[in-house]
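Try each task before reading its solution.

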Amino acid sequence: MSRETARNVIIFGETGAGKSSVVNMIIGSDQATVSGDATRCTFDSTRFATEIAGKSYNLFDTTGFGDFTYDSMDIFKTIQTLHKFLTDLSKDGGIHLLVFVVRCGRLTQTVHKNYALFHQGFCDAQVPIVVIVTGCEDVEPRMVEWWTRNESFFTRAGMSFEDYACVCAFKGRSTPLGYANEDLVDESTELVEKLIAQHCKSVGWKKESNSWFRTISHLFKQLAPDPRSARMASSPLQGGSSHLSPPSQQSTKN
């Protein structure tokens, strides 16, 4: 009996969102390097093989497009790397799920840009996408309340998802009884694994070669320098109590 092909899951989000922490939480060890380096201007990814509910998965931990200076970005190299990454995945079963990782606190233009690049430009909005919100350990009365209070802001910004999970991926300080957030991390691990298992497609999506021109045009539009603003605008989502305008409606500073 042949072994079932592993399902490919792309984990993406802006720099510092907690992508690697989520990967480490799923695989049960600190193999993925946690980095806050926002100076990397080209795409890269690392594959981690794991099992969830008896099925094989490849988790791809990707570098985030951070708040970099656009003038320094090597757009051609980024598109070339993205093309190879997607072409290789298309030969290896396709893409089964996108996992968008955002951090509890702020919705920035960079968050919206990452969503547009991967879901709409990269995958032609053809791959199911879920969102994981990290840093929810201090949300009261429960972590899930963060999404209940803030979902509308994402919807207004044109970002929709199949499902969500509000999690804690940080164990916290060590205590005589274990780590301070150990119970929350265990709960979060279960939530994330269930999220992936439920929404991962059984058949991967493969990009057609004749759609690359449209994709490259979209990527150029997203990655090219923006003459309207030198800095990204952002708005707080502090526990859902703050009001936010969608990124497309936010004012910019010259």
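**Exercise 1.** In this predicted model, find the bridge partner of Ile10 in strand 4, then look for its partner in strand 3.

*Solution.* Start with strand 4, where Ile10 is bridged to Leu98. Next, go to strand 3 (residues 55-62); there the partner of Ile10 is Phe60. Now widen the view to whole strands: strand 1 runs parallel to strand 3, with five bridges joining them. Strand 1 also runs parallel to strand 4, this time with four bridges.

**Exercise 2.** Decide which residues on each side of strand 1 are buried.

*Solution.* Take one side to begin with: Arg7, Val9 and Ile11 are buried there. Counted along residues 7-12, that gives six of six buried.

**Exercise 3.** Classify the ring pair of Phe100 and Tyr115 as stacked, tilted or edge-to-face, and do likewise for Tyr115 and Phe161.

*Solution.* The model has 13 aromatic pairs. For Phe100 and Tyr115, the centres are 6.0 Å apart and the planes meet at 55 degrees, so this pair is tilted. Phe100 lies in strand 4 and Tyr115 in helix 3, 15 residues apart. For Tyr115 and Phe161, the centres are 5.6 Å apart with 80 degrees between the planes, making the pair edge-to-face. Phe161 sits in the loop between helix 4 and strand 7, 46 residues from Tyr115.

**Exercise 4.** Are Tyr115 and Phe161 buried or exposed?

*Solution.* The cut-off for buried is under 20% relative accessible area. Tyr115 has 2% relative accessibility, so Tyr115 is buried. Phe161 has 18%, so Phe161 is buried too.

Technical notes: Residues numbered from 1 in each chain as written. Predicted model: local features only at pLDDT ≥ 70, side-chain atom pairs only at ≥ 80, totals over all residues. Heavy atoms only, no water. Phe/Tyr/Trp six-rings, centres within 6.5 Å; stacked < 30°, edge-to-face > 60°. Helix = DSSP H or I, 4+ residues; strand = E, 2+ residues; numbered from the N terminus. Buried < 20%, exposed > 50% of the residue type's maximum accessible area, 1.4 Å probe, protein only. Pairing = 2+ DSSP bridges.
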